[in-house]
Amino acid sequence: MSRLRSPLAAIVAVALVAGIAVRVWILSGPLATLESDEAISGLIALRMLDGEFAAMYWLSPYGGTIESAFAAIPLGLVGTSVLALKLATLSLYVAAAVLTWFVGARTVGRRAAFVGAALFWCWPPYLVWWTTKARAYYGAGLLCGLAAFLLVLRLRERDSAWDAA
């Protein structure tokens, strides 16, 4: 059994290192330039630090400001920083990779869940790049969707009033 775990551990380790390395490369180069949508997300976060809360992304009838509220934490701690804004969003995708494993463990088994979470973390290249963009609601939407899916799976496993609530 330990022989089977070793290749899996190697795959997960390579995926983890590759995902981190590519993101460091992205965040330290020209791809890390702040775009207008990201700037608006950062400005919303800074306004939240001043006590002004907006439910919707400025000048948009859809989306929300959950990521901006999350980004306000590091911006409040370290000051205005493009890297702090982007790392706040990136942390949501890290949490989404963990939830991907939890969902996979309940649906396809632990081994396949590790592979799924590893693929989520380092593939496709567009998603890897996208995880470094502070876009106000995409990362939070993904995280909330995965959390809801996980809660439904948990309810299926344990049919209880507490889990239903």
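This is a predicted model: local features need pLDDT of at least 70, side-chain atom pairs count only at pLDDT 80 or more; totals for chains, interfaces and linings use all residues.

Reader: Which residues form a nonpolar patch on the surface?

Author: The nonpolar surface patch is made up of F70, I73, L77 and V78, which together have about 430 Å² of accessible area. Let us take one of them, L77, which sits in helix α3, residues 66–78. L77 has a relative accessible area of 70%, so it counts as exposed, the cut-off being over 50%.

S81 caps the N-terminal end of α4, with a side-chain oxygen 3.3 Å from the backbone nitrogen of L83. After α4 comes G109, which has a positive phi, near 100°.

Now for the aromatic rings. The count of aromatic pairs is nine. One of them joins W101 and F102 edge-to-face, with 5.1 Å from centre to centre and 70° between the planes. W101 is buried, at 17% relative accessible area, while F102 is partly exposed, at 33%. Another pair, Y126 and W130, is stacked, with centres 5.8 Å apart and planes at 25°. Both residues belong to helix α6 (residues 125–130), where they are four residues apart, about one turn of the helix. Y126 is exposed, with a relative accessible area of 54%, whereas W130 is buried at 15%. Y126 and W130 also belong to one aromatic cluster, together with Y57, Y62, W129, Y137 and Y138.

Conventions: Residues are numbered from 1 along each chain as its sequence is written. Side-chain values use heavy atoms; hydrogens and water are left out. Patches are made of residues with over 30% relative accessible area and no salt bridge: like charges are joined within 9 Å, nonpolar side chains (Val, Leu, Ile, Met, Phe, Trp, Tyr) within 5 Å. Accessible areas come from the Shrake-Rupley method with a 1.4 Å probe; for residues, only the protein chains shown count as cover. A salt bridge is a side-chain nitrogen of Lys or Arg within 4 Å of a carboxyl oxygen of Asp or Glu. Helices (H or I, at least four residues) and strands (E, at least two) are DSSP runs, numbered from the N terminus. Buried means under 20% relative accessible area, exposed over 50%, partly exposed in between (1.4 Å probe, protein chains only). A polar contact is a pair of N or O atoms within 3.5 Å; within protein, one must be able to donate a hydrogen and the other to accept it, and residues adjacent in sequence count only if both atoms are side-chain atoms. Rings of Phe, Tyr and Trp (its six-membered ring) pair if their centres lie within 6.5 Å; planes under 30 degrees apart count as stacked, over 60 as edge-to-face and the rest as tilted.
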